[in-house]
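Please look at the chain shown below and consider how its parts are held to one another.

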Amino acid sequence: MENYPAPAVEQMVPQKKRTWLKPVIRLGIFGVIALIAFFVANPFTASSTEVGACLKGSVDNADSVKNTECGTSDATFKVVGKQENKSEIGLRLSGGSECDDYPTTDAYFFQGKKGATDGTLLCLEDLKNPGERAPVVGDCLPDGVVDAKKLTKEDCATARYKVLAIEKSATFLVDGSTVCTQVPSTDEKIQWQRSGGTLPQSRVLCLDDLKK
């Protein structure tokens, strides 16, 4: 009778339980949930909003301001300018004049902590109720515009004045000699103030008298 070798018996080596894996999985799940909750609770941030984007809501109610598609019926504002590292106190003192360099600005929105200097300022064009737009260099104005309550533009072929330069000045009403000094050909100076919109704006127009 032939003797056959006994079959080899595989030994099962017990594997160590990865006790560290569960906490990692739980932490990852918690992180995802927290991230989703953050974006649900904070769908809009000024710092992540770019120039050209549109918003809905009211700037007087920060919680109502949200991103929206441009061209839709609920689009209230369009972002025409953005500035970082601004303070709420500084904006209160300036009245939002930081947005003066964006000619279609009608309002502004600030997001940041009170007293901090790292907030974000958005300069906004009002899509529903835009204010009057400031003239630009090269525009022509009719005769009588100096005494007119509302500024109107006119074709340069028939106009009386042409805008040579535009300056910002808070002292024009007190001393007009301080403006347009860098434009020696200035014949007349008038102050333009925005009508409509929620953000005040004032400019001094240096004019050339075309009929002189």
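## Salt bridges

Across the whole structure, a search finds seven salt bridges, a salt bridge being a side-chain nitrogen of Lys or Arg within 4 Å of a carboxyl oxygen of Asp or Glu. The model is a predicted one, in which local features need pLDDT of at least 70 and side-chain atom pairs count only at pLDDT 80 or more, while totals for chains, interfaces and linings use all residues. Residues are numbered from 1 along each chain as its sequence is written, and side-chain values use heavy atoms, with hydrogens and water left out.

One of the salt bridges joins the side chains of glutamate 84 and lysine 82, at 3.7 Å from N to O, and Glu50, Lys82 and Glu84 are linked in a network of such bridges. Glutamate 84 is partly exposed, with a relative accessible area of 38%; here buried means under 20% relative accessible area, exposed means over 50%, and partly exposed lies in between (1.4 Å probe, protein chains only).

## Charged pairs between separate parts

Another salt bridge brings together the side chains of lysine 153 and aspartate 139, at 3.2 Å from N to O. Lysine 153 lies in the loop between strand 6 (140-141) and strand 7 (161-167), whereas aspartate 139 lies in the loop between strand 5 (119-126) and strand 6, so the pair ties together parts that are 14 residues apart in sequence. Aspartate 139 is buried, with a relative accessible area of 16%.

Aspartate 209 and arginine 160 also meet through their side chains in a salt bridge, at 2.7 Å from N to O. This pair links distant parts of the chain, since aspartate 209 is in strand 9 (residues 202-209) and arginine 160 is in the loop between strand 6 and strand 7, 49 residues apart. Aspartate 209 is buried, with a relative accessible area of 13%, whereas arginine 160 is partly exposed at 22%.

## Layout of the chain

The chain has two helices and nine strands, where helices (H or I, at least four residues) and strands (E, at least two) are DSSP runs numbered from the N terminus. Read along the sequence, these elements follow the pattern α-β-β-β-α-β-β-β-β-β-β. Of the 212 residues of the chain, 31% count as buried.

## Disulfides

The search of the whole structure also finds four disulfides, a disulfide being a pair of cysteine sulfur atoms within 2.5 Å. With bonded cysteines counted along the chain, the disulfides follow the pattern 1-2, 3-4, 5-6, 7-8. Cysteine 54 and cysteine 70 form one of them, with their sulfur atoms 2.0 Å apart, and this link is right-handed, with 105 degrees about the S-S bond. The pair links distant parts of the chain, 16 residues apart, with cysteine 54 in strand 1 (residues 54-58) and cysteine 70 in the loop between strand 2 (61-68) and strand 3 (77-86). Cysteine 54 is buried at a relative accessible area of 3%, while cysteine 70 counts as partly exposed at 41%.

A disulfide also joins cysteine 140 to cysteine 156, at 1.9 Å from S to S. Cysteine 180 and cysteine 206 form a further disulfide, with their sulfur atoms 1.9 Å apart, and their link is left-handed, with -90 degrees about the S-S bond. Cysteine 180 lies in the loop between strand 7 and strand 8 (188-193) and cysteine 206 lies in strand 9, so the pair ties together parts that are 26 residues apart in sequence. Both cysteine 180 and cysteine 206 are buried.
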